[in-house]
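Biologist: I would like to learn how to read a fold from its coordinates. Could we begin with the sheet and then move to the helices?

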Amino acid sequence: MNKAVNITGSKIIEPEFLLGAYGAGYFPMAESRSGEIGWYSPDPRAIIPLDGLKISRSLRQVLKKKIFEVKMNSSFEVVMRRCAERDDTWISEEIIRSYLELHRLGFAHSVETWKDKMLVGGLYGVTLGAAFFGESMFRRVKDSSKIALVYLVERLKTKKFRLLDTQYITPHLSRLGAIEIPRDEYLSLLKNSVKLKRSFVD
C-alpha cells in the first residue's frame, strides 16, 4: 500500500526536504493534470541487486560493438525532459526544477547514450550515501536505455554502492533483473546504505 502526502503551491521542493524524504524511503511524483505533488513509499519496493543485472545475449553483442557513446551528466536537463515526453507524466516543471537544483548540488545524475553525436537514450536518478534512486529512463534508439543501465550498474559496483532503487517493478525492469522486496526489508537496506560515504563521480 502506498503512503502519500500531498504538497501544493511551491515552485521547488527544497533540496534538504527532498533528500530527507529519500533517506526515509519516500519519493515524489506529480499528478499529470493538476501538478499536485504526492509522496510515495511503496510496499513492496522494487530494486535491482547490483550483482543481479540480467544482460541478454543480444545486448552483450551491442555492448561489444560499441554502437553507443556513454556520458554522464553532460545533458541532465535534456534527459529529464525526454523522460517527461509522454501523454501521462509525473515529471512536472516543479519536479524538473527541483531535480535540477539537486543536480547542481551534486546529488542528481544522468547516464546518457549518444549515437552520431545525438542523445538517443538515458536515465537519471538521485544519490544519497551508497544508494542510487533511479527515477526514469527514455530511449530513442533500440537498446539505448538498456546500455545506460548497464553502465550505471557497473559504475555503482565500481564505486561500492549498496542499493539501486527502481521504486516500482515493470515487465521491462523485471527482465533486466529487478525484484520486489518488502518495505521493511527495503528500509533496513536503505538505512545501512545512506549512512555510508560514496561518490558517484570522480
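Modeller: Keep in mind that this is a predicted model. Strands of a sheet pair through backbone hydrogen bonds, either parallel or antiparallel. Here 7 strands make up an open sheet with mixed pairing, in the order 5-6-7-8-9-4-10.

Biologist: Which are the edge strands?

Modeller: Strand 5 and strand 10 (179–181), since each pairs on one side only. Direction ignored, neighbouring strands of this sheet are turned against each other by 35 degrees on average.

Biologist: How many bridges join strand 8 to strand 9?

Modeller: There are 3 bridges between strand 8 (residues 131–139) and strand 9 (residues 163–167), and the two run parallel. F132 stands opposite L164 in strand 9.

Biologist: What does helix 4 touch on the sheet?

Modeller: Helix 4 packs against strand 6 (108–115), strand 7 (118–128) and strand 8, and its direction is at about 95 degrees to that of strand 6.

Biologist: How is a helix pair described?

Modeller: Two packed helices are described by the angle between their axes and the distance between the axes. The axes of helix 1 (residues 15–23) and helix 4 (residues 93–104) come within 10 Å and cross at roughly 90 degrees, so helix 1 is roughly perpendicular to helix 4. Residues P15, L18, L19 and Y22 of helix 1 meet S98, Y99, E101 and L102 of helix 4. By class, this contact has 6 nonpolar, 1 polar and 1 charged residues.

Biologist: Why does V70 count as partly exposed?

Modeller: Because its relative accessibility is 23%, and buried means under 20%. V70 is in strand 5 (residues 69–72). Beyond its neighbours within four places in sequence, V70 contacts V111, E112, T113, I147 and Y151.

Definitions and conventions:
Residues are numbered from 1 along each chain as its sequence is written. This is a predicted model: local features need pLDDT of at least 70, side-chain atom pairs count only at pLDDT 80 or more; totals for chains, interfaces and linings use all residues. Side-chain values use heavy atoms; hydrogens and water are left out. Axes are lines fitted to C-alpha atoms, for helices over the stretch in contact, and angles run from 0 to 180 degrees between N-to-C directions. Helices (H or I, at least four residues) and strands (E, at least two) are DSSP runs, numbered from the N terminus. Angles under 35 degrees count as roughly parallel, over 145 as roughly antiparallel, 65 to 115 as roughly perpendicular and the rest as oblique. Contact means heavy atoms within 4.5 Å. Ala, Val, Leu, Ile, Met, Phe, Trp, Tyr, Cys and Pro count as nonpolar, Asp, Glu, Lys and Arg as charged, and the others, Gly among them, as polar. Buried means under 20% relative accessible area, exposed over 50%, partly exposed in between (1.4 Å probe, protein chains only). Two strands pair if DSSP finds at least two bridges between them.
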